[in-house]
Amino acid sequence: MLFRSSSDVVAPLYVRNAGGDAVAVKLSDTNKIEGNYGMNLSYQLGSSGYAGVEKALDKADYSGYNSLRMWIKPDGSGNDLTFQLKTGLGRYWESHYIMTKGDTTGKYITIPFSDFKQPTWDVYAASMDLNAMAAFAIYIGGSDHNANSVYLDNIQVRSEERRVGKECM
């Protein structure tokens, strides 16, 4: 896990998208699934309509894996979480998770890499090259503009067939 003993250690790993609204990465010692801490992604949507953070992956090789798995405690806002992967070739791939209105129950979610699609604004690529991943990002968008927090923990790339994972974010 990248969750260490101080928000000062974790926060610099996740860079805020400057074009978006207010968002901060903090630690939570109460909203987690294992270990000492989970990630508190606190945000408030405004005029941009989205907020997000990105973590550099330094050409991580995920070719032996087929999904992204994490524990999430949604905020019940009905807002949309977008998980974004950037390949070493600079191509973007995204998958969306809608936080159901009123649902704040912590749960594991698994997103197969086959569910990741290129956004319409990106240049087309035939397939997602998992050999040299450049970045992982988490974005929130939607119509609920109240201050909210989403909690994440145990973010991994996984091979569901082999039931093995690799801590990645």
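This is a predicted model: local features need pLDDT of at least 70, side-chain atom pairs count only at pLDDT 80 or more; totals for chains, interfaces and linings use all residues.

A: Residues are numbered from 1 along each chain as its sequence is written, and side-chain values use heavy atoms, with hydrogens and water left out.

Asp 153 has its place in strand 10, which covers residues 148–159. Strands (E, at least two residues) are DSSP runs, numbered from the N terminus. Asp 153 is buried, where buried means under 20% relative accessible area, with a 1.4 Å probe and protein chains only. Although buried, Asp 153 has no salt bridge. A salt bridge is a side-chain nitrogen of Lys or Arg within 4 Å of a carboxyl oxygen of Asp or Glu. The nearest side chain of opposite charge belongs to Lys 32, and it is 6.7 Å away. For charge, Lys and Arg count as positive and Asp and Glu as negative; His and the chain ends are not counted.

A polar atom of the Asp 153 side chain does lie 2.9 Å from the backbone nitrogen of Ile 33.

Ala 137 lies in strand 9, residues 133–141. Ala 137 counts as buried because its relative accessibility is 1%. Leaving aside neighbours within four places in sequence, Ala 137 is in contact (heavy atoms within 4.5 Å) with Val 53, Glu 54, Thr 82, Phe 83 and Gln 84. The C-alpha atoms of Ala 137 and Asn 17 are separated by 9.3 Å, and these residues are 120 residues apart along the chain.

Key:
Helices (H or I, at least four residues) and strands (E, at least two) are DSSP runs, numbered from the N terminus. Buried means under 20% relative accessible area, exposed over 50%, partly exposed in between (1.4 Å probe, protein chains only). A polar contact is a pair of N or O atoms within 3.5 Å; within protein, one must be able to donate a hydrogen and the other to accept it, and residues adjacent in sequence count only if both atoms are side-chain atoms.
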